Amino acid sequence: MKEKIYFGTYTKKTSQGIYQATLDTKTKEVSTPEAAISIGGPTYIRLTAQGDLLAVESADNLGGIASYQTADSDFIDNNDVLHEGASPCYIGIDNQRKLAFSANYHKGEILVYRINADHTLTQTDQVVVTGKGPREEQDSAHVHFTDLTPDGRLAAVDLGSDRIYVFDILNDGTLKQVSVLKLAAGYGPRHLVFAPNGQYAYLAGELSSQISTLKYDQSSGSFSEIQTLPTIPADWTEHNGAAAIKISSDGKFVYLSNRGYNSIAVFAVQADNQLQLVQQISTEGDFPRDFSLDPSEEFVLCANQNTDNATLYSRNQENGKLTCIQQDIPLPEGVCVLFAGENDNSN
């Protein structure tokens, strides 16, 4: 079976935009990625249930979201919504209500878009949060994640102020805040994923190189912290930043990439929903900003931003551990990995 893969990239050096490749699950190889869409700075990409590819876009001091139809491998440009200043860093999808959400790290901003019947995007709301933290990178609010909770609210993670916000999503596509969790100063939260049971979530702390187990109360739309672990060995003293976090669809294993220590950390979910580290494996490259489980969840594909390569692993579904089976897949400035048709458990 051949699975289609899209890659988001920076376009600061040689990358042309969005790339595509295929994973042959029989030969266990990824084809050489090829340029698919010429666009500036598509650092995060998502697919909607209707087959639209939404991408972060940066162009002429403007930043925002672009939408493309992917039917029949022809990429039809639907439209883009751009504003002055830096582009966002994350895109969330609400397929049921046909909405998309972007997180803007530089502006501390959350934007909501309606996905129209003609596949175009229309902005419906803007929320700007404020705050800061003790670390150099926390000079102001830096929203890094905006995506759905299991009960259909919106969770927004602010690295700058060490906060997680939860909003109700109103019928007109606007947001109403219902709760906020304040984490330890300097934690630097980045992304989170929810367990299939909808009652727990796992949070990546970029600045602190930590991972936390959170309890999610659907009745109040609020989080509480119940466990925090390091994502790197205690004797690692050089720079590290925790990055992507993913969970298997059975909820048994959580995966997190470390940029600096350059590894994927594998955690097993215990009976009490807390985590235990079971593996640290090299990404065979530098600065693994993103990775993804394929639709079969038999493979994991990781993009190394600074070394322009991707790495493929086989995945043991019984114990969660990874084995490197292909490295040095050429990928310029790769920072986002998206399998077409993958189970959307990344949030």
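The model is a predicted one, in which local features need pLDDT of at least 70 and side-chain atom pairs count only at pLDDT 80 or more, while totals for chains, interfaces and linings use all residues. Residues are numbered from 1 along each chain as its sequence is written, and side-chain values use heavy atoms, with hydrogens and water left out.

**Salt bridges**

I noted that Arg 190 and Glu 206 form a salt bridge, with the closest N and O atoms 2.8 Å apart (a salt bridge is a side-chain nitrogen of Lys or Arg within 4 Å of a carboxyl oxygen of Asp or Glu). This pair links distant parts of the chain, 16 residues apart: Arg 190 is in strand β17 (residues 189-194) and Glu 206 in the loop between β18 and β19. Strands (E, at least two residues) are DSSP runs, numbered from the N terminus.

I then looked up Asp 168, which forms a salt bridge with Arg 153 at 2.9 Å between the closest N and O atoms. Asp 168 lies in strand β15 (residues 163-169) and Arg 153 in the loop between β13 (143-148) and β14 (154-158), so the pair ties together parts 15 residues apart in sequence. Asp 168 is partly exposed at 25% relative accessible area, whereas Arg 153 counts as buried at 14%.

For the whole structure, I recorded eight salt bridges.

I followed β18 (residues 200-205) into β19 (residues 210-217); the two run antiparallel and are joined by six bridges. Strands are taken as paired if DSSP finds at least two bridges between them. Ala 201 has Leu 214 of β19 as its bridge partner. Four residues stand between the strands of this hairpin, in which Ser 209 takes a positive phi near 50°.

I continued to β20 (residues 222-230), which runs antiparallel to β19 and is joined to it by eight bridges. Here Gln 210 has Pro 230 of β20 as its bridge partner. This hairpin also has four residues between its strands, and Gly 221 takes a positive phi near 65°.

Definitions and conventions
Buried < 20%, exposed > 50% of the residue type's maximum accessible area, 1.4 Å probe, protein only.
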